[in-house]
Amino acid sequence: MEEIKVDEKEALACCGSSQFAKQMALASPFPSVDHAISVAKDIWFDKVDVIGWLEAFAAHPQIGESPSSHTTSAQWSKGEQSTALATATDSGLQELSDWNARYRQKFGHVFLICASGRSAAEILGELKNRYSNRPIHELEIASQEQMKITELRLRKLFSAKTKADSTGSQYSTAVASKAEKRVGIIGQHLTAPLEGFPAKAPQVQARTRPPITTHVLDVSRGSPAAGIEVRLEMWKSSQPRPSFGETDIGGWVLEGCSTTDRDGRSGQLMSIVDALSPGVYRISFNTGKYNPGGFFPYVSIVFEIKDTQKFEHFHVPLLLSPFSFSTYRGS
């Protein structure tokens with residue numbers, strides 16, 4: 001299978017963030033849809049800032065409304081909402097519209113959910129449940145839902161491109177001479193090992209960045225948090241792991257420290273190694289210096305990496321506001 005090229009316009013139809021679209025186009029072409037999705041996740045969670053997230057959210061029509069434009073993105077949205085629109089009553093659509101307005105007023109962006117295959121009642125129930133979330137938590141959920149939509153659309157895009165390539169290939173084969181066919185067969189045998197290579201690449205591919213990274217988003221300002229001091233430590237003690245409630249004396253060893261840049265991303269916190277040492281790690285943020293009037297003088301996140309995960313990448317972002325914070329494991 002030939003590599004599939006995705007240009008900026010096509011990537012933008014999959015996810016309405018211009019940052020995302022540019023990065024995907026630069027990373028193109030892709031040997032498979034699964035590889036493209038893996039790259040898309042890395043870009044979305046590790047390289048696109050909160051402004052880019054909000055730009056992508058804004059590209060979606062309100063749930064329950066059929067998009068009027070004829071762009072690829074609009075037509076995909078229409079298809080994804082088809083089940084909801086088909087199962088909704090007039091009163092149900094009105095209630096969905098009312099709750100959408102309440103949601104937007106509280107969170108500042110459209111309610112985002114991967115609507116494919118969901119009924120109007122299911123979507124309304126999820127909207128009501130999520131309305132009680134804190135803004136910092138809801139931003140995280142919305143970003144995950146956007147990634148589900150992006151993955152769905154990338155699969156549609158690759159399916160359409162593969163069919164087009166297949167049709168062209170069949171036509172070429174029909175008119176080719178016997179000699180041309182023989183050359184094609186030889187060429188297939190020669191390139192077969194290369195086609196199989198991309199699927200195994202993640203297992204052996206050398207890292208281009210440290211295995212543990214982070215970035216900080218200031219949700220209260222809707223922007224990356226620049227100038228926050230970050231420390232990464234690893235637990236190295238006679239005890240296999242730190243215990244809750246016990247004083248940690250000399251167990252934590254500094255791996256590296258840095259300060260977040262204008263995109264909210266830290267510099268290199270550890271060496272770029274292919275195999276990460278399994279164990280317990282702690283990443284700490286000097287939030288008190290960044291926001292002296294906030295509730296948290298500092299924030300520490302402790303996590304454990306198993307031996308089976310040593311070749312994976314761990315992105316540990318911090319979503320911060322003066323009186324709350326949350327995190328999750330990105331990739």
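A cavity is a set of grid points where a 1.4 Å probe fits but cannot get out. The model shown in these views is predicted.

**View 1. The second largest cavity has a volume of about 60 Å³.** Its lining is made up of Thr287, Tyr290, Asn291, Gly294, Phe295, Phe296, Leu320, Ser321 and Pro322. Two elements, helix 11 (287-290) and strand 9 (318-321), each give two or more residues to this lining. By class, the lining of the second largest cavity holds 5 nonpolar and 4 polar residues, and no charged ones.

**View 2. The largest cavity has a volume of about 100 Å³.** A search of the whole structure for cavities of 30 Å³ or more finds 2. The largest cavity is lined by 14 residues, and those nearest its centre are His60, Ile63, Glu80, Ile113 and Ile149. Helix 5 (72-80) and helix 9 are the elements that supply two or more residues to the lining of this cavity. Of the lining residues of the largest cavity, 8 are nonpolar, 4 are polar and 2 are charged.

**View 3. The largest nonpolar core has 38 residues.** Within this core, the residues with the most contacts are Phe20, Met24, Trp44, Trp53, Phe57 and Phe158. Five elements are named as giving two or more residues to the core: helix 1 (8-14), helix 2 (18-27), helix 3 (33-46), helix 4 (50-58) and helix 9 (135-175).

**View 4. Methionine 24 and its contacts.** Met24 is among the residues with the most contacts inside the largest nonpolar core. When neighbours within four places in sequence are left aside, methionine 24 is in contact with Val6, Ala11, Phe30, Ala36, Val39, Ala40, Ile43 and Leu154.

**View 5. A second, separate core has 23 residues.** Among the members of this second core are Ile228, Phe296, Val299 and Ile301.

View 6. A disulfide is a pair of cysteine sulfur atoms within 2.5 Å. By this rule, the structure has 0 disulfides. Cysteine 15 counts as buried because its relative accessibility is 1%, and buried means under 20%.

Note on methods:
Residues are numbered from 1 along each chain as its sequence is written. This is a predicted model: local features need pLDDT of at least 70, side-chain atom pairs count only at pLDDT 80 or more; totals for chains, interfaces and linings use all residues. Side-chain values use heavy atoms; hydrogens and water are left out. Buried means under 20% relative accessible area, exposed over 50%, partly exposed in between (1.4 Å probe, protein chains only). A nonpolar core is a set of buried Ala, Val, Leu, Ile, Met, Phe, Trp, Tyr and Cys residues joined through side-chain atoms within 4.5 Å. Helices (H or I, at least four residues) and strands (E, at least two) are DSSP runs, numbered from the N terminus. Contact means heavy atoms within 4.5 Å. On a 1 Å grid over the protein atoms alone, a cavity is a set of points where a 1.4 Å probe fits but cannot get out, and a pocket is an open set with protein on both sides within 12 Å along at least five of seven lines; lining residues have an atom within 4 Å of a point. Grid points are joined across faces, edges and corners, and a volume is the space filled by probe spheres set on the points. Ala, Val, Leu, Ile, Met, Phe, Trp, Tyr, Cys and Pro count as nonpolar, Asp, Glu, Lys and Arg as charged, and the others, Gly among them, as polar.
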